[in-house]
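User: I would like to learn how to read a structure feature by feature. Please start with single residues and work up to packing.

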Amino acid sequence: MAQEVEFRLNTSEKDARWMRGRALSETVRIDQDKFRQAITKAMMPGLASLQRQVAAVRTVTGRLRKSPGIVTRKYDGANRLIIVGLVGYKAGVAPHSRYLELGTPPRAGRGMVKARRYAWRAFWQNQDAMKASAEAALTGLMEDAIDGVS
């Protein structure tokens with residue numbers, strides 16, 4: 001079950017006709033970089049948990065230990081801004097991480113790899129902390145933006 005943090009402005013029909021949906025959106029501005037930084041900071045407990053779990057795995061080259069990371073992506077359209085944050089393995093650093101995460105079917109003469117689900121556990125163990133941190137940071141950004149409206 002994915003959790004979303006969503007901020008919306010609802011007005012009465014009369015106010016909406018007067019504002020025509022633009023007055024507040026043209027006045028209130030939130031710096032997208034600060035928004036992205038808040039999401040990245042909120043995901044740090046998940047990253048730390050994933051790094052701890054991966055560090056406990058016996059490694060030969062250490063590529064798996066170097067692979068956990070955070071990626072944020074920005075999608076903006078005409079009237080919306082969506083920032084998506086991902087905690088997981090960096091692409092190309094440890095290609096075998098997907099086998100440790102998802103496992104493999106039985107292979108001829110080589111057995112099978114059991115799914116360990118390190119990234120999933122990191123998410124589920126830290127979900128509430130990450131959500132609370134994101135809500136607090138984004139609420140602060142919204143309050144700062146609203147305070148700037150004169």
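User: Does Asp76 count as buried, exposed or partly exposed, and at what relative accessibility?

Analyst: First, the ground rules. This is a predicted model, where local features need pLDDT of at least 70, side-chain atom pairs count only at pLDDT 80 or more, and totals for chains, interfaces and linings use all residues. Residues are numbered from 1 along each chain as its sequence is written, and side-chain values use heavy atoms, with hydrogens and water left out. Now the general idea: buried means under 20% relative accessible area, exposed means over 50%, and partly exposed is in between, with a 1.4 Å probe and protein chains only. Asp76 has 47% relative accessibility, so Asp76 counts as partly exposed.

User: Where does Asp76 lie, and which residues does Asp76 touch?

Analyst: Helices (H or I, at least four residues) and strands (E, at least two) are DSSP runs, numbered from the N terminus. Asp76 lies in strand S1, residues 68-76. Contact means heavy atoms within 4.5 Å. Not counting residues up to four places away in sequence, Asp76 touches Gln32 and Leu81.

User: How many helices and strands are there in the chain?

Analyst: The chain has seven helices and two strands. Along the sequence, the pattern reads α-α-α-α-α-β-β-α-α.

User: What do the totals for the chain say about burial, surface and contacts?

Analyst: Of the 150 residues in the chain, 25% are buried. Accessible areas come from the Shrake-Rupley method with a 1.4 Å probe; for residues, only the protein chains shown count as cover. The chain's accessible surface is about 11,100 Å², and 52% of it belongs to carbon and sulfur atoms. Among contacts with a separation of 6 or more, 56% are between residues 24 or more positions apart.

User: Ser67 next. Is Ser67 buried or exposed?

Analyst: Buried, because its relative accessibility is 0%. Ser67 sits in the loop between helix H5 (63-66) and S1. Beyond its neighbours within four places in sequence, Ser67 contacts Gly88, Tyr89, Lys90, Val93 and Ala94.

User: And Met112: buried or exposed?

Analyst: Met112 counts as exposed, at 53% relative accessibility. Its place is the loop between helix H6 (97-102) and H7. Setting aside neighbours within four places in sequence, Met112 contacts Thr104, Pro105, Pro106 and Arg107.

User: What is the phi of Arg117?

Analyst: Positive, at about 55°, although Arg117 is not a glycine. Arg117 is in the loop between H6 and H7. With a relative accessible area of 36%, Arg117 is partly exposed.

User: How are H4 and H7 packed?

Analyst: Two packed helices are described by the angle between their axes and the distance between the axes. Axes are lines fitted to C-alpha atoms, for helices over the stretch in contact, and angles run from 0 to 180 degrees between N-to-C directions. H4 and H7 pack at about 150°, with axes 8 Å apart. The contact is made by residues including Pro45, Gly46 and Ser49 of H4 and Arg121, Gln125 and Met130 of H7.

User: Is Met130 buried or exposed, and which residues is Met130 in contact with?

Analyst: Met130 counts as buried, at 11% relative accessibility. Leaving aside neighbours within four places in sequence, Met130 contacts Ala42, Met43, Pro45, Gly46 and Phe123. Met130 and Ala42 are 88 residues apart in sequence, and 5.1 Å apart C-alpha to C-alpha.

User: Which residues form an aromatic pair?

Analyst: Rings of Phe, Tyr and Trp (its six-membered ring) pair if their centres lie within 6.5 Å; planes under 30 degrees apart count as stacked, over 60 as edge-to-face and the rest as tilted. The structure holds one aromatic pair. Phe123 and Trp124 form it, edge-to-face, at 5.0 Å centre to centre and 70° between the planes. Phe123 is partly exposed, at 34% relative accessible area, and Trp124 is partly exposed at 45%.
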